[in-house]
Amino acid sequence: MTVQASAPLALRWHRFFGGRLTLVVGLAILLFFLLVAIAAPLIAPYDPILQGADVRLQAPTWLHPFGTDNFGRDILSRVIWGTRIDLQIAVIGVLFPFLIGTTVGTVAGFFGGPVDAIFMRLVDIILAFPFLVLMLSIIAILGPGLGSFYIAMALVGWVSYARLIRAQMLVLKNSDYAVAAVSLGFSRARIMFRHLLPNAIAGSLVFSMSDAVLVLLSGAAVSYLGLGVQPPVAEWGVMVAEGQSFVTTAWWITLFPGLSIVCLAFGFSMLGDALGEVFGVHE
Amino acid sequence: MNDPILSVRDLTVKAHLPDGVRTLIDAISLDVRKGEIVGLVGESGSGKSLFCRSLVRLMPSSRLRIESGSVLLEGRDLTAVSDAEMLKVRGAEIGMIFQNPTSHLDPVMSIGDQIAEGIRYHQGASARDARAAAVDILSQVGLPDPARQYDSYAHEFSGGMRQRAMIGVALSCDPKILVADEPTTALDVTIQAQILRLLMEIRDRRGLSIILITHDLGVVAQTCDRIAVLRGGRLLEEGPKRTVLSTPRDPYTVSLIASHPSIAAEGGPAPAEAAPIAATIRPLLEVDDLHVRFASGGGLFGARGKPVSAVAGVSLRIMPGESVGVVGESGSGKSTLARAILGLTPLSSGHVSFEGVDLAQQKNAALFKLRHEAAMVFQDPYNALNPRMRIGDMLAEVLRVQGATPVAEIPARIGALLDLVGLEREFADRKPRSMSGGQCQRAGIARALAVDPKLIIADECVAALDVTIQAQIVELFRALKRKMNLTLIFIAHDLAIVRNLCDRVVVMYRGEVVEEGLCAEVFARPKHPYTAALIAAIPDIDPDRPLLADIRCDPPPASPHILERLP
């Protein structure tokens, strides 16, 4: 028995360290982007929307380390300023769906019956439409802009969280500790939010990190279609879109904002993995 | 006697841990002859399972290594063969069956295919021949309709049927030796008797040698030819069954034999405790013709299956301070009854009244009373505690919600509760994950006591624990009962424990009470044939008192098994 007990212990040590490494790397990347966003006015060498007719489509040089675009704007400065907007998109675009989805999923899963049926049919309806089509229709109704994007994201994005949490709640509400809580006279709200939700939420937290990546990309897609961030504001997705027609001649216009998206996404998914390890989601 | 088929000499296994080397199997030598059943007895941690796994080099961790000694199978040293050759030994020469058939059967492969697979792999038979051979094996292990059940999956079988199927899988490769690791521990006592008899039949028919690992000396006494007693990785004593049981040499063996329930029963628990209760005292709990029905199956759009009765007309009266055991095999409705009494499962009809307040008629008042004066202890100690909460926080929350303890006194009360259940006070800062099963169960009992209840219902609360821990928890209940004048309803499938702890016993079968009475009375002179069968199926430590020849063999209905798991 002692032997069998020591094996999972060794495994846990490994998990702890393995988890720590991804946690450190993920946090470091996100912290780096956060600092860049905060310090944007200080570290950006040029004004991100300042056009220069004489420096159009320049390849990377010491003066313009990331090169310039077709309006002669400095790509490095635009990438730095874009960090602000993209971090904001990732955080807000995940936070509201997360909150709405978690609440709906908790209530639906816990109560079951008609409450559950109503919410889940709503989920089915939303899932029946292609994600981007629904997003674009909502934004089209509300008018282009980042605010509309956030609202559309909140209206559409919560369904995944609701499903995840609901599935967990359905299992957990039958666990003995939930029954014990009922038998001890705990209120339903207390059982739902204090006892079951903390045990149900780990999977959604992990998912929210990879969701941040998806939100980032849909933000870019919406901006690319001209419904999100409006030019000339520097946003990575917009920059990739703008540079698209020059890919063969001026690769740097798309490469650097594209790389930034990849790096930030990498940071989020590392953190997601680490959270999964910490919460023991994979056990 | 004939030469040993398996001869283990000075087998030593050590664990290489970061903090040093530990010896887990210490120079054990053991012989197994053809057609012999050898019982390996010892508590968990004694190395009995590891010993058998070492025979076929199935080490549970890469840190464990066979350091020295030899394992001679018909003269061939298994510690020297290559890994590739070992693959042929496993299954084909030494087959294994385990305690939990559910986790050792492939859930997505039909039972028959799992047996046929071994036949094709080890004997190179064609698909058609393998199928025929597999059907034959299924009938040998006593499945009633082998041709049809070939295509069944593990989840369609009851626990006993699964264990039969797993024995079939082990037999499929026609091994010379079968290692059975606690094959009946997870089963009801009547099913256990059937499986043990099956093992003996197979031995007789095939001339198979069996190594039977168990913690229950009764099982050994009933089935084995020889006994080996292990403790802490060392072989304490080995010899023919009757010699070891009648004249044990090692003090540990003596204590094992003395603590066996079938022996303890001779002295019997002092029935004086169950002093006749004056008729003027009102019963604490009255259950009158209680029915609990569940709709079975049933789709999304109506088309409900016909309801299944989990509890069918149970009447009980429980006096204050009494401890009552409820026994019956799985699916007999014991757990549903417990939950119905506590108002955790809706009643279909009948009455439950707690101190005179009727749960059906004055629902809110009764629930309020139950929530503040009754508590439950659960079977799986890990599942019963919120994994994210420290034990101290958990108890504090109960005390706060219950509201009977002033906030300032809560920390002191938590300490007192931990003392009461025999946990160190530092456990207040621990989470369930870092605690053993026994410690978690103590924490679960502390939570029940935090309510300061008049009634505690313990639902199979020792079934998931080790035998030695079981004894400790039972002892704890006995102490608490004495100290706090608790009324206890103790649900178990283990009759020996009930006999030890309770004054009265209620025997349930398929949702009905078939017999009830004082423990001593019922166990000595069971009136109902089912009770008699239950008692007869307990393997007695006396080898001359064989398991009752033929116990009712019809498997229990499938649906109540599922019902047990419903909320």
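Biologist: Which residues have the most contacts inside the largest nonpolar core?
Modeller: They are B:Ile211, B:Leu395, B:Ala446, B:Ile457 and B:Val498, in a core of 244 residues. A nonpolar core here is a set of buried Ala, Val, Leu, Ile, Met, Phe, Trp, Tyr and Cys residues joined through C-beta atoms within 7 Å. Buried means 20 or more other C-beta atoms within 10 Å of a residue's own, exposed means 12 or fewer, and partly exposed is in between, with C-beta atoms placed from the backbone.

Biologist: And which helix gives the most to this core?
Modeller: Helix H6 of chain A, residues 146-172, with 15 residues. Helices (H or I, at least four residues) and strands (E, at least two) are DSSP runs, numbered from the N terminus.

Biologist: Before I go on, how should I read the labels and the model?
Modeller: Residues are numbered from 1 along each chain as its sequence is written, while chains are lettered from A and ligands numbered from 1 in the order in which they are written. It's a predicted model, where local features need pLDDT of at least 70 and side-chain atom pairs count only at pLDDT 80 or more, while totals for chains, interfaces and linings use all residues.

Biologist: OK, what does B:Val498 touch?
Modeller: Leaving out residues up to four places away in sequence, B:Val498 touches B:Gly325, B:Val327, B:Phe490, B:Ala492, B:Val505 and B:Cys519. A contact means the C-beta atoms, placed from the backbone, lie within 7 Å.

Biologist: B:Phe490 and B:Ala492 are on that list. What's on each side of strand E18 there?
Modeller: B:Thr487, B:Ile489 and B:Ile491 sit on one side of E18(B), with B:Leu488, B:Phe490 and B:Ala492 on the other, and all are buried. That's 6 of the 6 residues of the strand (487-492), so E18(B) is largely enclosed by the rest of the structure.

Biologist: Which way does it pair with strand E13 of chain B, parallel or antiparallel?
Modeller: Parallel, over 5 bridges, with E13 covering residues 323-327. Two strands pair if DSSP finds at least two bridges between them. B:Val327 has B:Ala492 as its bridge partner in E18(B). Strand E17 of chain B (455-459) also runs parallel to E18(B), again with 5 bridges, and there B:Ala458 is partnered by B:Phe490.

Biologist: What about strand E3 of chain B, buried or exposed?
Modeller: 5 of the 5 residues of E3(B), 37-41, are buried, so that strand is largely enclosed too. B:Ile37, B:Gly39 and B:Val41 point one way, and B:Val38 and B:Leu40 the other. E3(B) pairs in the parallel sense with strand E8 of chain B (209-214) over 5 bridges, and has 4 bridges to strand E9 of chain B (226-231), also parallel. B:Leu40 is partnered by B:Ile213 in E8(B) and by B:Ala228 in E9(B).

Biologist: Where's an antiparallel sheet?
Modeller: Also in chain B: 4 strands form an open sheet in the order E12-E11-E14-E15. The edge strands, each pairing on one side only, are E12 (308-318) and E15 (357-358). E11 (285-294) and E14 (349-354) are joined by 5 bridges, and B:Asp288 has B:His351 as its partner in E14(B).

Biologist: Switching to helices. Which residues of H4 in chain B are buried?
Modeller: B:Ile111, B:Gly112, B:Ile115, B:Ala116, B:Gly118 and B:Ile119. Down the axis of H4(B) they fall within an arc of 155 degrees (taken from the directions from the helix axis to the C-beta atoms), so they line one face of the helix. Their cover includes helices H5 (127-140), H6 (146-149) and H7 (159-171) of chain B.

Biologist: Last one: where is pLDDT below 50 in chain B?
Modeller: One such stretch is residues 264-278, with 12 contacts beyond near neighbours in sequence. Residues 549-567 also stay under 50. pLDDT is the predictor's confidence in each residue, from 0 to 100, and the mean for chain B is 82. Where pLDDT is low, the predicted coordinates should not be read in detail.

Note on methods. Two residues are in contact if their C-beta atoms, placed from the backbone, lie within 7 Å.
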